[in-house]
Amino acid sequence: MVKKYSVLICLVISVILLVIAALLYPGGSLLDKNSVGFDWSKNFVSNLFAAKAINGSQNPGRIWAIIGMAFHSIGYGIFFINMSKKIPLRQWAKVLKFIGAVNLLFIFLIATPFHDLGTISIILTLFGLFTITIFIIKSKLHFLKFCCIICLLTFYCFFALFGFGYLGLAIIMQKVYNASSLLLVLGLEYFTKYEDFIQIKSGEQRDEKPN
């Protein structure tokens, strides 16, 4: 039972611990250094991982945020490894398994002084979700097709807003893409199976046969 619901358990614990960390965050944001507490519309999640808050106070919520990110990395790592077992094309299954294994470490690095290195996990996660989306689009899982596309769009919007310096909007979009990604991961984990994609392998094998 624990193994079956390991992804759900890890992600729920992660969210709970991050909320606790946010409640304990002293204050300060990029937009207002004197603000009180953690504002989900003005603070990046990464603010929770700093030893000191932006307003200069010690951050008692840091330990909860770090543990929460550890559960987050485990949950996402297990998810990609599980999805690799549902993909019938061996080469792409290996890619997803690799992303899952690497993300077990790299997602957690976001909560450490190696934050910049940890952001590689965002690119890996995006590539993994993009790969899964291709298979979902070729399947008969129509609702998940819509969910995958919306999730990817939130990622791209965040990168665009952050890249062009619209930090206020980027902070909000960060929460949007995190929430959409989390919900999509749970949907893919518990509402897909190997049989949903087996016809894709059969179709590609027919295409590879010489006329």
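**Close-up 1. Helix H6 and the nonpolar surface patch.** H6 gives the most to the nonpolar patch of this predicted model, with seven residues, where helices are DSSP runs (H or I) of at least four residues, numbered from the N terminus. Helix H5 (120-138) and helix H6 (142-163) each supply at least two of the patch residues. The patch has an area of about 940 Å² and is made by Phe130, Ile134, Ile137, Phe143, Phe146, Ile149, Ile150, Leu153, Tyr156 and Phe159. Patch residues have over 30% relative accessible area and no salt bridge, with nonpolar side chains (Val, Leu, Ile, Met, Phe, Trp, Tyr) joined within 5 Å and like charges within 9 Å; accessible areas come from the Shrake-Rupley method with a 1.4 Å probe, and for residues only the protein chains shown count as cover. Ile149, which lies in helix H6, counts as partly exposed because its relative accessibility is 40% (buried means under 20% relative accessible area, exposed over 50%, partly exposed in between; 1.4 Å probe, protein chains only).

The model is predicted, so that local features need pLDDT of at least 70 and side-chain atom pairs count only at pLDDT 80 or more, whereas totals for chains, interfaces and linings use all residues. Residues are numbered from 1 along each chain as its sequence is written, and side-chain values use heavy atoms, with hydrogens and water left out.

**Close-up 2. Packing of H6 against H7.** H6 and helix H7 (residues 167-191) pack at an angle of about 155°, with their axes 8 Å apart. H6 is therefore roughly antiparallel to H7 (under 35 degrees is roughly parallel, over 145 roughly antiparallel, 65 to 115 roughly perpendicular and the rest oblique). Axes are lines fitted to C-alpha atoms, for helices over the stretch in contact, with angles from 0 to 180 degrees between N-to-C directions.

**Close-up 3. Packing of H1 against H2.** Helix H1 (residues 6-24) and helix H2 (residues 62-84) pack at an angle of about 155°, with their axes 8 Å apart, and are therefore roughly antiparallel to each other. Gly37 has its place in the loop between H1 and H2, and it counts as buried at 15% relative accessibility.

**Close-up 4. The salt bridge of Asp196 and Lys193.** The structure holds one salt bridge, in which the side chains of Asp196 and Lys193 meet at 3.5 Å, N to O (a side-chain nitrogen of Lys or Arg within 4 Å of a carboxyl oxygen of Asp or Glu). Asp196 counts as buried at 14% relative accessibility, whereas Lys193 is partly exposed, with a relative accessible area of 46%. The C-alpha atoms of Asp196 and Gly37, 159 residues apart along the chain, are separated by 46 Å.
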